[in-house]
Amino acid sequence: MNRNIFANFESNRTNTVETELMDKISILWADDEIDLLKPHILFLQEKGYDVATANNGDGAIEQFKARNFDIVFLDENMPGISGIETLAKLKALKPEVPVVMITKSEEEHIMEQAIGSKIADYLIKPVNPNQILLSLKKNLENRRLISEKTSADYQQEFRNIGMTLSDKLSWKEWTEVYRRLVYWELELKRSSDESMYEILTAQKSEANTLFSKYIENNYLGWLKNQDAPTTPVMSHQLMKKKILPAADATTTEPVFMVLIDNLRYDQWRIIQPLIAEYFRLQDDDLYLSILPTATQYARNAIFAGLMPSEIEARFPNLWLNDEEEGGKNMHEETFLNDTLKRFRKEWKSSYVKITNHNDGKALVDNVPNMMLNKFNVIVYNFVDMLSHARTEMEMIRELADDEAAYRSLTLSWFEHSPLFEALKRISEKKVKLIITTDHGTIRVKEPSKLVGDRNVNTNLRYKQGRNMNYEKKDVFEVKNPADAFLPRQHLSQAFVFIKQDKFFAYPNNYNYYVTYYKNTLQHGGISLEEMVIPFAVLTSK
């Protein structure tokens, strides 16, 4: 994979760059002393730029109307209409064309006027040719230069990650690999380098294959030795090992725990800069979701501080199994209060679950009352609903056609959500904020046939039941549910968790089933996206 792909990539990139350079960049330079700038203009022409000149604002506007320019250099102090006035007229004609203001003045109000008029750059006279060249590259070639640098850097990182994946990794090393993969996924998508992005996607797929083996080899052992140094923090340990200690570390300030359902690490990285305007990041960690990576199991485990079979034993009237009727996450507040009592946390607390926009608006209004509590839990369900809507609604499928679009949709929702508004209000006081999730989700691509009786559950990423037939190479099978601390309803019951980006499909009506669910977002099985999930602690600024 390595050499051939990179050789083809370099060849294609060279051809693209050569084509770009054949098209001359057009510059309009307006200055009342334009004759004195002839050496600068010759310098730019020798570099391959096409330069037109004007010695006043009116002349610049006439030329700007008559032809297309890629960028304008504009003197601030010219006879007739000023540079600031000229700037306003140019922006009214073609607001997308960058304008670089050049001035002798360093007065603050002139700078503020120019910046307020959305200039692309601000240069103080006397300017030298290299300053002009730098401004050109920054404004016109910035994207290409960043793309080339990003691609070159990832080419080196590709080899480093590949070498790391060939080792026997610990949990901490796996989290670092995943952080690096997500970092490059975001960077390469911003640079619009599709060739490199495809390579990254292939490397991420390879990482998921190895991660699935890692989970298969270690998961049950971790559950037997939950306090061993090599055991990652898991869903049922999150309260004990992460959340309660973070709350204990505060004195008088309230603590807000926000659990955004189904939030992947890449989605957290996308919304985190918005939150950073109001909060300082203290702890940016990753923890491991239990199996199944489904709300019914993982979220209940978080609030109960127990594994599913332990919840069933402690609350026999509240736990519902897959095949039983009724809501599976109806008692989180009861589990939470029991956990606080068990750990002797006599805190004044609140719990609220947001499942619609009106509930979200009520949350914003209720923030002042929540400030009176020591510990506030907010469960926000939008991202999970978005992922399911993408399966069921054609419009959402089109809006979230790939990973970048899915992240963009998540960002757009968050930026305009009542949750973000509530966080901004919370940040006005001295508080501690915990943001986490219960599991992630993965875009499924390959079907894997499974046959079972009518009592087998409907989730596409895990199955539990009796007498199931499946492709053993595609799954992590737990023949004795007690080994994974999962409820056992029948003597011969087993659980199977599908790996990588596969999904279970029944042979009956197979083609329709595969067509409908392929490329949808699912959770419940084993992948980096579903299991390695964010946990962050922040404080208000």
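This is a predicted model: local features need pLDDT of at least 70, side-chain atom pairs count only at pLDDT 80 or more; totals for chains, interfaces and linings use all residues.
**α3 against α4.** Helix α3 (residues 57-66) packs on helix α4 (residues 83-93) at about 10°, and their axes are 10 Å apart. Angles under 35 degrees count as roughly parallel, so I'm noting α3 and α4 as roughly parallel to each other.

Which residues make the contact? From α3 I get Gly-57, Ala-60, Ile-61, Phe-64 and Lys-65; on the α4 side they meet Thr-86, Lys-89, Leu-90 and Leu-93. By class, that contact has five nonpolar, two polar and two charged residues.

**Where α4 goes next.** I followed α4 to the strands: α4 lies across β3 and β4 (99-103), and runs at about 160° to β3.

**The five-stranded sheet.** I traced the order as β2-β1-β3-β4-β5, an open sheet with parallel pairing. Its edges are β2 (50-54) and β5 (121-124), each pairing on one side only. Ignoring direction, neighbouring strands here are turned by 20° against each other on average.

I checked one pair inside it. Strand β1 (residues 26-30) and strand β3 (residues 71-75) run parallel and are joined by four bridges. Ala-30 has Leu-74 in β3 as its bridge partner.

**β13 and β16.** Parallel or antiparallel? Strand β13 pairs with strand β16 (residues 494-498) in the antiparallel sense, over four bridges. Gly-465 is opposite Ala-494 in β16.

Then I looked at the two sides of β13 (residues 462-465). Tyr-462 and Gln-464 point one way, Lys-463 and Gly-465 the other, and all are buried. I jotted down the general rule beside it: side chains in a regular strand alternate between the two faces of the sheet.

Notes
Residues are numbered from 1 along each chain as its sequence is written. Side-chain values use heavy atoms; hydrogens and water are left out. Axes are lines fitted to C-alpha atoms, for helices over the stretch in contact, and angles run from 0 to 180 degrees between N-to-C directions. Angles under 35 degrees count as roughly parallel, over 145 as roughly antiparallel, 65 to 115 as roughly perpendicular and the rest as oblique. Contact means heavy atoms within 4.5 Å. Ala, Val, Leu, Ile, Met, Phe, Trp, Tyr, Cys and Pro count as nonpolar, Asp, Glu, Lys and Arg as charged, and the others, Gly among them, as polar. Buried means under 20% relative accessible area, exposed over 50%, partly exposed in between (1.4 Å probe, protein chains only). Two strands pair if DSSP finds at least two bridges between them.
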